[in-house]
Structure formats: C-alpha cells, structure tokens
Amino acid sequence: MRLFAILLLFCQLAWGLGVNVTITNLTRGITFAPLLIVVHAQTNQLFKVGQKSSYEMQIMAEKGDISELVLRTGNSAQFHSNPANGMLGAGKSTGGSIRYIKESNTHLSIVGMMLPTNDAFVGLGSVKIPTEVGTYVYYAKAYDAGTEANDELASSISNFATGRDGTGLNVATEGFIHIHRGVVGDTNAHGGISDLDSMRHRWLNPVARVEVVVY
C-alpha cells in the first residue's frame, strides 16, 4: 500500500498537474484587454523577444484580439481565455484554472494588450511549470510588439468602449518584440505631443504579478 501511494504521488508530480493562475494589474492607469493564459509545449512559444511578431501576436497587441492566437497554438495547447470576462483595470486581479495538464505541455505563457497603447502587451513568456505542488510568484513585463509606431494618438489606438480598431496595422516600425520603452504622454488634454496622460498612463516594469498554484 505504501509503495502504491509513493507511485501515485510520483505520477501526480510527473504529469496530470493542474494550475490555478491569478494575474494582478500593477499599473496606475493602464487596462489589460482580454488576457490569454495558455500551457503549451516548450517548442510552441507565443512570442520570442528579439524576433518578429507573428500576425496573431500583432492583432493581439494592436487590437486586443486573442482568438487568432488560440487557433495558432493548436489543439495540443490548453487555454483559459479572457478570465476577467473583458477588461482588467488597474489594481484589479483575475485568474482561472487549467486542470489535467498534458505531459507535453510543460510551459506557461500569458499575454494581453495594454490600453491605451499602440502595440504594448503584458507578457509572461514560456515559464517552465514547476512539477511540485506549491505556490509560485512571477512578474510580467510590458513588451512592444514592434508592429506599430508609438505615436500615442487616439486615432491609432484601439478603443473597446467605442469598438474602434485603431489604424496601426501594417505601419512599418521597429520590426521585433522588445521591452516597451513606456508611454511619454503629456498633461495637455487638448493637444501636445500625445493623447495619453503622463500622470496616469505611464508605467515602470513589471506591470503584472502572476501567482501560480500548482496542485
């Protein structure tokens, strides 16, 4: 009986784990568009820093649309999409569980557009899921998808309240994913170099706290 219990515990630690993920928005005035939590194989990464964004990452970062990323990662990955049922405001938390993780899905990624920005997204990229039951904390950074110029103009930025998609798709810019430089903004609500409020919308990394409970 004791040997059976040991073998059962080993099996639970080796595969079939579940994770409960809680994401907290650490910014002062930035909202996260619908988030995507995905567990996946190490070779099936959503994004790589220093490399060009896929089209699916581009529309996530510019329009907040995660549906194409779900399709791109394929049937082998496991998802929890849009845990907040919409936008996640500054200082708010959301999360969800993924149960019975497949043995091949050893890594965790989280992405979501940051609003109002041109093409910034909160990202936790391909973190190896611990194989021991417990609570683990990670901090997610803000990344620039490198697909749209950071003009900080309202006409270029998606607006979920009005349904506006923005105009930045296909605008030539940096061309690769990198740590976001942050918002410049200004304090002129009716002009200036930016339509973003420097007193509210600026941030420093990290922008999110991610708590992962492995069970």
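Guide: Gladly! Of the 35 residues in the largest nonpolar core, the ones touching the most other members are Val19, Val21, Phe32, Leu108, Ile110, Met114 and Val210. Please keep in mind that this is a predicted model.

Visitor: Which elements give two or more residues to this core?

Guide: They are β1 (19–25), β3 (36–40), β6 (107–115), β7 (120–128), β8 (134–144) and β10 (208–214). The largest share, five residues, comes from β6.

Visitor: What does Val210 touch, leaving out residues up to four places away in sequence?

Guide: Its partners are Val21, Thr22, Ile23, Ile110, Leu124, Tyr136, Val137, Tyr138 and Ala140. Each counts as a contact because heavy atoms lie within 4.5 Å.

Visitor: What can you tell me about a second core?

Guide: There is a separate one of 15 residues, and Ala61, Ile66, Val111 and Phe121 are among them.

Visitor: Why is Ile98 called buried?

Guide: Buried means under 20% relative accessible area. Ile98 has 5%, so Ile98 is buried. You will find Ile98 in strand β5 (residues 93–98).

Visitor: What surrounds Ile98 beyond residues up to four places away in sequence?

Guide: Ile98 touches Leu17, Gly18, Val19, Ile37, Val39, Gln78, Phe79, His80 and Tyr215. Take Val39 as one of these: Ile98 and Val39 are 59 residues apart in sequence, and their C-alpha atoms are 8.1 Å apart in space.

Visitor: And Thr24, is that residue buried or exposed?

Guide: Thr24, in strand β1, has a relative accessibility of 18%. The cut-off for buried is under 20%, so Thr24 counts as buried.

Visitor: What makes the link between the side chains of Thr24 and Ser93 a polar contact?

Guide: A polar contact needs a pair of N or O atoms within 3.5 Å, one able to donate a hydrogen and the other to accept it. The side chains of Thr24 and Ser93 are joined at 2.7 Å, so the distance passes that cut-off. Setting aside neighbours within four places in sequence, Thr24 is also in contact with Lys92, Val207, Ala208 and Arg209.

Visitor: How many helices and strands does the protein have?

Guide: It has three helices and ten strands. Along the sequence, the pattern reads α-β-β-β-α-α-β-β-β-β-β-β-β.

Visitor: How much of the protein is buried?

Guide: Buried residues make up 45% of the 215 residues. As for the accessible surface, it comes to about 10800 Å², with 55% belonging to carbon and sulfur atoms.

Key. Residues are numbered from 1 along each chain as its sequence is written. This is a predicted model: local features need pLDDT of at least 70, side-chain atom pairs count only at pLDDT 80 or more; totals for chains, interfaces and linings use all residues. Side-chain values use heavy atoms; hydrogens and water are left out. Helices (H or I, at least four residues) and strands (E, at least two) are DSSP runs, numbered from the N terminus. Buried means under 20% relative accessible area, exposed over 50%, partly exposed in between (1.4 Å probe, protein chains only). Accessible areas come from the Shrake-Rupley method with a 1.4 Å probe; for residues, only the protein chains shown count as cover. A nonpolar core is a set of buried Ala, Val, Leu, Ile, Met, Phe, Trp, Tyr and Cys residues joined through side-chain atoms within 4.5 Å.
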